[in-house]
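Here's a quick tour for anyone meeting this structure for the first time. Have a look at it, and then we'll go through a few spots together.

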Amino acid sequence: FAYSDTWADGTASYLRMIVPRLCLMRELLSERGSIYVHLDWHVAHYVRVALEEVFGRSNLVNEVVWRRKGGSALGAMNRLSVATDSLLWFSKTEDYIFNQLYSEAPQDYIDSMFRHTEPNGRRFMVNVMRSPNPRPNLMYDYKGYKTPPNGWAVPLETMKQLDTEGRLYFPESKQKQIYKKIFLDEYPGQALNNLWSDISTLKGKNKEILSYDTQKPEALLDRVLKIASNEGSLVADFFGGSGTTAAVAERLGRRWITSDLGKPACMIMRKRLIDQEAGSFLYQAIGDYQVEAARSHLGRKFRVGDLAHVVLGLYGALPLDLEDNPNRNLGRLPQSGALVYVDSPTKLTGLATLRRAQELRGSHLGGWEKVVVLGWNFTPDIGEAIAALGDPRLEVLVIPPDLLDRLRKKGDKLKAEEVRFSSLQYLTIKPPARRVLPSGEVLTIELANYVLLSPDALNLEPKDKERLQAVAARDPLALIEYWSVDPDYEPDSAGRLVFRSRWQDYRGNTANDDDPLRVVTKAELTGLPVKNGPRRVCVRVVDVFGFEAEVIKTVP
């Protein structure tokens, strides 16, 4: 479910998505930058045409063919099996970074080419010293050997230097040409070409495997980054997936930015970087794509109020008259008389929105008995905010995450009874404990309960929903994929609250316990600086579907 195909409508929808992004990526590239686009045979030719249009045909550096080593040996039923992918490499300008890499020469090549031996036993092969183009400074005779038709490969001074160093090979017959010695112990290997057949696919029990269908092997990204970037270069991957680019860039000393539309993918990337003990990095949510998806469904003249109007109808609310509802986001439930408030998809629904809804309930059109807030995205502390308000006449529900996909596929045929607006997920923890030791302060945090939003809001098969409900009822903390603690969640000098993870655990990590399928539910942070007065602690969790929840506690 986490890695479902976003572009189910085929090639046309994929191209509509990728082309404007390629235009933006070109603008973001430095003058020495390159872009690699990895594709299979289904769309490589279409995207190559788009790349030539965006970057220019003359900026195609190479089409690299990756022959996947270790792929399936089974043939297709009625055609040849496909064993290759394409990496389209375009540069922004002619002055792009390029580092020549070498592959290890096979033993039979070494045996056949390095046939000569020095008296001291050093093996070498010989290479011609002829120039492909004539130039005056290359036209000279040397030690009785006549200049070739186009001259030697190096000027006379360089020839003498190579001779002094013992790097020239002189055939007995002076009718032949002088050769340069290439010593085996200095031979870097064969210069890499555009056919890569030495990189294996991910299979079996490979430790890299994260169950992401299009996951690339680290060796592939290692080669790409070494060719087209230098240490300290900035690398960006806007379709981050399982985080291979960022993981390799971190290991190679490159700076990096990575992003992905899917919350589970971002969670996997974060875990992967923590697991390889990456340096500190910033994790940010920069928005969702509801507005863009709505425009593709409702047209380019779409307004946020238009989407709110659709949501009201699917919830079963009647919209208020336009003079009382200029933003088109207010409605009423005919059966209960409750006010319904649809928040914007461009906002995170939080405490400020809930207070605004309470104000509308008390004052708008004479007041209402109840207000229902429907939100797309929520602040991590929304559960705390709802609990702090303690308002039984305020209800907060989640708009289904896949609503726009369903609208695009079904349109007006999507009925209100098919859409479920679910309650929020939230986290509770046991009262934190502090104690002071000679080595510093110790803080103990223990999870108490996790309530998942209704499975009806998730795009799961009925049997999987039943299994999920069973797990949630029996062991709700088993739904937690990752959690972390900031023991000093205070505003910085600019007044901003920035969560800094000082401790974390996640499924698959066996550093804190030996169970790879569960997180530990109790954290003990040791060696903290002793703090006089209360300590403000923040705990954040991410569940297996990528949803986040937060608890903030002041510990006396």
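This is a predicted model: local features need pLDDT of at least 70, side-chain atom pairs count only at pLDDT 80 or more; totals for chains, interfaces and linings use all residues.

**Confidence**
- The protein averages a pLDDT of 87, and 90% of its residues reach 70 or more.
- Over residues 1-5, pLDDT stays under 50, and the model gives this stretch nine contacts (heavy atoms within 4.5 Å) beyond four places in sequence.

**Two helices**
- Helix H10 (residues 351-363) and helix H11 (residues 382-389) have axes that come within 9 Å and cross at roughly 35°; the axes are lines fitted to C-alpha atoms over the stretch in contact, with angles from 0 to 180 degrees between N-to-C directions.
- H10 brings Leu351, Leu354, Arg355 and Gln358 to the contact, and H11 brings Ile382, Ala385, Ile386 and Leu389.

**Aromatic rings**
- The structure holds 14 aromatic pairs, counted when ring centres of Phe, Tyr and Trp (its six-membered ring) lie within 6.5 Å, with planes under 30 degrees apart called stacked, over 60 edge-to-face and the rest tilted.
- Tryptophan 89 and tyrosine 96 pair edge-to-face, 5.9 Å centre to centre with 75° between the planes.
- Ring pairs join Tyr36, Trp89, Tyr96 and Phe98 into a cluster.

**Reading the numbers**
- Residues are numbered from 1 along each chain as its sequence is written, and side-chain values use heavy atoms, leaving out hydrogens and water.
- Local features need pLDDT of at least 70 and side-chain atom pairs count only at 80 or more, whereas totals for chains, interfaces and linings use all residues.

Definitions and conventions: Helices (H or I, at least four residues) and strands (E, at least two) are DSSP runs, numbered from the N terminus. pLDDT is the predictor's confidence in each residue, from 0 to 100.
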